[in-house]
Amino acid sequence: MAIADLVIVGGGPVGLSVACYAAQRGRSAVVIERCTGAVDKACGEGLMPPCVRRLERMGVEIPAWGVHPFRGIRYIDGDRAGEAVVAEADFIEGPGLGVRRLALSEGLRARALQLGVEIQEGVEALDFTDAGDHVALLTSRGAVSGRLLVAADGLHSQIRKKAGFAVTHAPKRRLGIRRHFTVKPWSPFVEVWWQAGVEAYVTPTGPERVGLAFLWDGPRGNYDLFLERFPDLAAKLGPPESAIRGAGPFDVRVDRRVKGRVLLVGDAAGYADAITGEGISLGMACAEALVDAVCADQIAGYEAAYRALTGRAERLTRLLVWVARRPWLRRRLVAALARSPSAFQSFLALNSGAYTLTQGLPGAARVGLGLLTG
């Protein structure tokens, strides 16, 4: 039986990115995916500018039916636009893309196959054995062997569990649900509507489509009841186009990313929250770092690279979640950003990695002063 360089469990965007990067570097990859065809998932579906550039370099073409550009982020604090505090800023790196998750999966899958990646669909990963110089993965279709096993199987990764990685969960449960609506996107921004206890995220995901996701602290929520809390937003929407999908709980912390011949990437490697929309962007960046470590024969170095890529974004994410849970502080923050769009732009650049901490410090100082002065 031939031994692949990488066996990747999970054919979502990050797993397919690992496979594409590996193939571009001359390494063989096999992707094991339990679904058939393009893989859907509850997701905000906004790709930040660095992720757009990454897809271009990978040679990925996303079908036109499932993509729409946006130039930045708009925060709307309040359920009615006329009474709300509004802040908005453009990305300094150029536009992002709203991408229907199915279209993203379709584009990445096509590119992976073009590069010679073997994709086994409709196949369940069952268990694995470390055979010394390789890993033998038992699947519902038989055994697959690889020098390394990559777990890209999501927030509730079974490979991570079987490998014995230590995982902790935040005491407060954050959950998300998403649906699409047929309507021409009305805004050049991804809109985040804030209200006590829930946030609404509106992303253009096609010429005649928007995705609307809600994030909140558990217990389980009702999509229609959440939508009723945003009457001005609800009035903009067309008929539902997709079923409601859920995700969470978020804030899953993993002790490390490498254990023996098993490597974690994407949500399986740990996940803070969806509030900043950086999940796919960071996942793809880490996918490239993983392949770099493999090609350098220094897989232990992947851990340091992962921490360097995700550390600042994770801290900013946790800070924003903390603020979101305090309505009085959140409203002050949005008001401060509204008074200083350049500070808001600096925050977006810090979050994406376009700015260093030193470059973003003046903007952060202006926001801090705005919070103090109200």
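1. R74 stands opposite E191 in strand 14. Strands are DSSP runs of E of at least two residues, helices are runs of H or I of at least four, and both are numbered from the N terminus. Two strands count as paired if DSSP finds at least two bridges between them.

2. The model is predicted, so local features need pLDDT of at least 70 and side-chain atom pairs count only at pLDDT 80 or more, while totals for chains, interfaces and linings use all residues. Residues are numbered from 1 along each chain as its sequence is written, and side-chain values use heavy atoms, with hydrogens and water left out.

3. Strand 14 (residues 189-195) has seven of its seven residues buried, so the rest of the structure largely encloses it. Buried means under 20% relative accessible area, exposed over 50%, and partly exposed in between (1.4 Å probe, protein chains only). In a regular strand the side chains alternate between the two faces of the sheet. Here F189, E191, W193 and Q195 point one way, and V190, V192 and W194 point the other way.

4. Strand 14 also pairs with strand 15 (residues 198-206), in the antiparallel sense over five bridges. V192 has Y201 as its bridge partner in strand 15. The two strands form a hairpin with two residues between them, and G197 in the turn has a positive phi of about 90°.

5. Eleven of the twelve residues of helix 1 are buried, so this helix is largely enclosed by the rest of the structure. Its buried residues pack against several elements, including strand 1 (3-9), helix 2 and helix 7 (279-295). Just after helix 1, G26 takes a positive phi of about 85°.

6. R54 is found in helix 2 (residues 49-58) and is buried, with a relative accessible area of 13%. Beyond its neighbours within four places in sequence, R54 is in contact (heavy atoms within 4.5 Å) with Y21, M284, A285 and E288.

7. Helix 8 (residues 301-324) and helix 9 (residues 327-339) pack at an angle of about 115°, with their axes 7 Å apart. Axes are lines fitted to C-alpha atoms over the stretch in contact, and angles run from 0 to 180 degrees between N-to-C directions. L320, W322, V323 and A324 of helix 8 meet L329, R330 and L333 of helix 9.
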